[in-house]
Amino acid sequence: MIDKDILNELRSVLGADVDKLIDLFLDDTPMLLARMEAAALMPDYEELREAAHSLKSSSANLGAMALSTAAKRVELGARLQALDRPAVAVALIAIEFARARIAFLAHAAAGAARARPYLPPIPPH
C-alpha cells in the first residue's frame, strides 16, 4: 500500500512534520475525489485531468504508489478524452484512497507506539 522507503526518507528530511503532511493529504484528498466525481459525471475531462494530476503527484510524494498509479490512468485517459466509464475509474481511485488512508493511519499508530517511552508498572501498595 505505502512505500515505507519513501515515507522514511521524508521523515529523515522533515522529521515530525511528515505527520502534518499526511494529515493534510488525508484531509484534502476527499475534496479532490469529489471534484473528480463531479467531473466524471459531466464528463469534464479538463477538470478530471487536473484533479487526477494533483492526486497523482501528492500520493506519489507520500509513497501511496497504487493510488498514484490509479490517478495517473485517469489523468492520461482524461487528457486523451478516451476514458472509458469515467465514474467507474474515479470509484476505483476512491477505493485506492481508502486503502492508502488505512495504511497511513496504521503507520501513524505504529509510530506513536514506538515513540512512547517505556514506563514500568507501578507496584501495588
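**Helix H2 and its surroundings in a predicted model**

Biologist: At what angle do H2 and helix H3 pack in this predicted model?

Modeller: The model is a prediction. In it, helix H3 covers residues 45–61 and packs against H2 with the two axes 8 Å apart. The angle at which H2 and H3 pack is about 155°.

Biologist: Which description of relative direction applies to H2 and H3?

Modeller: The packing angle of H2 and H3 is about 155°. Angles over 145 degrees count as roughly antiparallel. The crossing of these two helices is left-handed. H2 and H3 are therefore described as roughly antiparallel.

Biologist: What distance does H2 reach from its first C-alpha to its last?

Modeller: H2 runs over residues 17–41 and has 25 residues. At 1.5 Å a residue, a span of 36 Å is expected, and the value found is close to that. From first C-alpha to last, H2 reaches 37 Å.

Biologist: Where in H2 does the kink lie?

Modeller: The kink amounts to about 30°.

Biologist: Is Phe25 of H2 buried or exposed?

Modeller: Residues count as buried under 20% relative accessible area. In H2, the residues in this class include Val18, Ile22, Leu26, Thr29, Leu32 and Leu33. Phe25 also belongs to this set, and its class is buried.

Biologist: How many aromatic pairs does the structure hold?

Modeller: The structure holds two aromatic pairs. In one of them, the rings of Phe25 and Phe97 have their centres 6.1 Å apart. That pair links distant parts of the chain, with Phe25 in helix H2 and Phe97 in helix H5 (residues 86–115), 72 residues apart. The number of aromatic pairs is two.

Biologist: Which geometry do the rings of Phe25 and Phe104 adopt?

Modeller: The ring centres of Phe25 and Phe104 are 5.8 Å apart. Because planes over 60 degrees apart count as edge-to-face, the angle of 75° between these two rings decides the matter. Both residues are buried. The geometry of the Phe25 and Phe104 pair is edge-to-face.

Biologist: Which residues do the ring pairs link into a cluster?

Modeller: Phe25 pairs with Phe97, the planes lying at 65°. Phe25 also pairs with Phe104, and since Phe25 lies in H2 and Phe104 in H5, this second pair ties together parts 79 residues apart in sequence. The cluster consists of Phe25, Phe97 and Phe104.

Biologist: What phi does Gln81 have?

Modeller: Most residues other than glycine have a negative phi. Gln81 is in the loop between helix H4 (65–79) and H5, and its relative accessibility of 56% makes it exposed. Although Gln81 is not a glycine, its phi is positive, at about 50°.

Biologist: Is Arg85 buried or exposed?

Modeller: Arg85 is placed in the loop between H4 and H5, and it has a positive phi of about 50°. The cut-off for exposed is over 50% relative accessible area. With 59% relative accessibility, Arg85 is exposed.

Biologist: What relative accessible area does Ile93 have?

Modeller: Ile93 is found in helix H5. Its C-alpha is separated by 16 Å from that of Leu62, 31 residues apart along the chain. Ile93 is buried, and its relative accessible area is 0%.

Methods: Residues numbered from 1 in each chain as written. Predicted model: local features only at pLDDT ≥ 70, side-chain atom pairs only at ≥ 80, totals over all residues. Heavy atoms only, no water. Helix = DSSP H or I, 4+ residues; strand = E, 2+ residues; numbered from the N terminus. Expected span 1.5 Å × (residues − 1). Bend = angle between axes of the 7 residues up to and from the residue. Buried < 20%, exposed > 50% of the residue type's maximum accessible area, 1.4 Å probe, protein only. Phe/Tyr/Trp six-rings, centres within 6.5 Å; stacked < 30°, edge-to-face > 60°. Axes fitted to C-alpha atoms, helices over the stretch in contact; angles between N-to-C directions. Parallel < 35°, antiparallel > 145°, perpendicular 65-115°, else oblique. Left-handed = near helix turned anticlockwise from the far one by under 90°.
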